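Hello,

Here is the structure you wanted to look through. Please open it first, then read my notes below.

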Amino acid sequence: MTKRVYTFGNKKAEGNGKMKELLGGKGANLAEMNLIGVPVPPGFTITTDVCTEYYTHGRDKVVEMIRPEVEKAIAEIEAHTGNKFNDNKNPLLVSVRSGARASMPGMMDTILNLGLNDEAVEAIAKKSGNERFAWDSYRRFVQMYGDVVLGMKPESKEDEDPFEEIIDHLKAEKKVQNDTDLTTDDLKEMVKRFKAAVKKQTGNDFPADAWEQLWGAVMSVFQSWMNDRAILYRKLNNIPAEWGTAVNVQAMVFGNMGDNSATGVCFSRDAATGENLFNGEYLVNAQGEDVVAGIRTPQQITAEGSRRWAQSQGVSEEDRASKFPSLEEVMPEAYKELDAIQRNLEKYFTDMQDMEFTIQDGKLWMLQTRSGKRTGAAMVKIAMDMLDEKLIDEKTAILRCEAAKLDELLHPVFDKDAMKSAQVMTKGLPASPGAATGPIVFFAEDAEVWKDTKREEAILVRIETSPEDLKGMNVAAGILTARGGMTSHAAVVARGMGKCCVSGAGDAKIDYKARTLEINGTKLKEGDWISLNGSTGEVYLGKVATQEAELSGDFAKLMDLTSKYTRMKVRTNADTPNDAAVAIKFGAQGIGLCRTEHMFFEGDRILAVREMILADDEDGRRKALAKLLPIQRGDFEGIFEAMNGLPVTVRLLDPPLHEFVPHTEKDQKDLAKHLGIGFETVREKVESLHEVNPMLGHRGCRLGNTYPEITEMQARALIEAALNTRKKGTQVNLEIMVPLIGNVNELKYQKTIIDNTARQIFTERGEEIAYMVGTMIEVPRAALTADEVAEVAEFFSFGTNDLTQMTLGFSRDDIGKFLPIYLEKGILEQDPFQVLDRVGVGSLVREGVNKGRSTRAGLKCGICGEHGGEPSSVEFCHTAGLDYVSCSPFRVPIARLSAAQAAIKEGK
Ligand code: PEP
Ligand code: MG
């Protein structure tokens, strides 16, 4: 019989930490915590397989399938706790939470205090001796269950939550500010009104039977796997829908039982900076949701964290100690135990832990532990620190870092000079580091609108964020919230995304209806600019200039470490000495693609290019090319100088010629005047360059083969630049690359021109220099006949942009029309122009490498398409036996890490 329910409690568990696929991350770690002796409330996990069964067989069938096992598991909790489920004298209350294989914070649903009804609440009141606590728990339960299971949601984005509306009315009637100021009778009244609202909206009474409540809650958690925000989160994080979520049911422990109870969230290290400092937030007399929901401002767990917080918020030590003391000061015994447990858990799981806990009447319970989400900077620091502490080895440190997340470390930071004159409006909490500047918007959808229609990344300003805001947060430049601490939804999600976030900026007065933000007397409206410093929490008025990031500290250490394990080299695609210099700073080991045509557009050199294109005959072309020769030579000298002896692959002219000529009447007239020819002649020439399929037309080596004088000029510029640079004392390692061949004869013809030109220069100058001639593999036929091609080519570089275009038959420029639909329908899993299509294009790459090396042993092979900087494609390149990948300068560190990871994984 298939086992669908796994129990745990009192240091025993049927599952363990390795069973994440079946029990989800939370369930597996709850089991493991029991096994290592951490105090965890007893409970059970319903497996992720049941979630899949829910979607195939439906609710009723699934309830029947799991009923006997769930009844048995509930009986075990009863035995551990001495309480009885669905009993009004000694009721057992439980929590019901989701828990997928990969953590998806806040994306799915949770229900606490399940098992309460009008009678059970009296029993809890009597047993605890705390009537207020019992009714507070009950009203929370009705609210959560109403929202999650019974679908009581606000009707539109400007509307308030129906339950919050009732609370607000009641507070106004009673003339109180805080929930905590409501009396027990007020809470009783609140429950009454909640239940009436449920009856009114759903037509049914609120369920009093605990079993009915339990099945409703469990099925709702399964249902929440397919809610919009969970689907979006999976998409953003590449989590497959088939995984499903598990459901965890646990005996309740209460953080809201009075002043000797508390609840909190903590991290074994700082998730924003990576600093090795235990930190987190808690609230006395509260339930879990209060800490993350951002309604009450939480307090710090450690005394050190509390002092730092007070300093950043301008709170005096006296006020801090009396109004916002740390857990360490308020409950020293429970704190000591928590600190010991967090140390143990980090050591045991050898990673930074994100934990939830509750203290019920002085007794500490752990509710969850998982590897904590962190920023790119924290990811690198934690990996390097744990390596120093000998908690993990070098290979693990490299594998721990997610290559794509390094991107965050390469984002610009605020310019130091600009910071001096920046006007600070207020200071919130430094929730997620980075520098962000942009126009403000107040709704997540508006962030999307600004991005789509105005091409601007906005700053999303919210009182607090909720999981529904995920999409807008993802496209925003940064996030500012008025409420919420370092563990609020906004802070946790922003850190996971690597997005700059300032949270809990209490001075920010936000009016959603008027769409205004007022800070200390300055009123801003939608579209006005502000800047955020996510590392200090400062909010500035207007735009603050930024500067490029640098590779230093732990980041540099990690990069050095990658060199120890990698096999592939990483080069860069660079067309200017400046690009080349940036890439070298990031550790590029050469240029894998220098696109010569990009040099043609600068200044007025485009005029000589146009003169060449519009010339009537070879003589006319040669005249124009003679003007271009010294310009190109100068450009190449600059690049060779910057690369200082590292290999430089320069590609001969590639794009269709019509891309260089003017298309408006005014520009054509200006050109005609400059060239001293008639406007009609220019117009006719431009028209004659028109092609139906330019990507398959007169481009690539076809240009040099029809107009050999172009190749001659480029070869001359390259060889002369190499000789000149060497004369000045800098070594040159030149690789000349012929684009877009499909037939070896196309390459032969080009190579002859290059070699003849070189020989001629060597004779003229009485000195020689080594160079190589190779080709791009961009046309499927070139890959399929690579054995023939390699007899001529001295190296291959896979141009996977064109190779993808021609293999899939998808136009690079037109795929946007159908790609989103293909992705949505699952016809394609990923954009093949971003992530290399291993099955199709990848086969051609493998075939090309193998055949090429069959006729030229050790043939140097690389890749220079956009895929060269994408982690999964880099991994593929390693397995296909490429010697190097080449990518844009800012992706060099990502490629270096991915290449090292691929080598380590292969060796495992
Ligand atoms: C390619 O096709 O992969 C390539 C690098 O060339 P381009 O993008 O310039 O066509
Ligand atoms: Mg190409």
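This is a predicted model: local features need pLDDT of at least 70, side-chain atom pairs count only at pLDDT 80 or more; totals for chains, interfaces and linings use all residues.

Residues are numbered from 1 along each chain as its sequence is written, chains are lettered from A and ligands numbered from 1 in the order written, and side-chain values use heavy atoms, with hydrogens and water left out.

**Ligand 1**

There are 14 residues around ligand 1; Arg 595, Gly 799, Asn 801, Asp 802 and Arg 812 come nearest. Near means that a heavy atom of the residue lies within 4 Å of the molecule. By class, the shell has 3 nonpolar, 4 polar and 7 charged residues. Gly counts as polar here, and Asp, Glu, Lys and Arg as charged.

Oxygen atoms of ligand 1 lie close to N or O atoms of the protein:
- the side chain of Glu 778, at 2.9 Å
- the backbone of Asn 801, at 2.7 Å
- the side chain of Arg 812, at 2.8 Å

Taken alone, ligand 1 exposes 280 Å², and the protein buries 95% of that. These areas come from the Shrake-Rupley method with a 1.4 Å probe. Strand E26 (591-595) and helix H32 (800-808) each give two or more residues to the shell. H32 gives the most, with 3 residues. Helices (H or I, at least four residues) and strands (E, at least two) are DSSP runs, numbered from the N terminus.

**Magnesium**

The magnesium ion is ligand 2; its protein donors are Glu 778 (OE) and Asp 802 (OD), lying 2.0 Å from it. Donors are N, O and S atoms within 2.8 Å of the metal (3.2 Å for Na, K and Ca); water is not among the atoms, so sites may look incomplete. Glu 778 sits in the loop between strand E29 (771-777) and helix H30 (780-784), and Asp 802 in helix H32, 24 residues apart.

**Strands**

Five strands form an open antiparallel sheet, in the order E9-E8-E7-E10-E11. E9 (299-300) and E11 (363-371) stand at the edges with a single partner strand each, so one side of each has no neighbour in the sheet. Strands pair if DSSP finds at least two bridges between them.

In strand E6 (245-251), 7 of 7 residues are buried. E6 pairs antiparallel with E3 (43-46) over 4 bridges, and with E4 (94-100) over 7 bridges. Arg 97 stands opposite Asn 248 in E6.

Best wishes

Note on methods:
A polar contact is a pair of N or O atoms within 3.5 Å; within protein, one must be able to donate a hydrogen and the other to accept it, and residues adjacent in sequence count only if both atoms are side-chain atoms. Buried means under 20% relative accessible area, exposed over 50%, partly exposed in between (1.4 Å probe, protein chains only).
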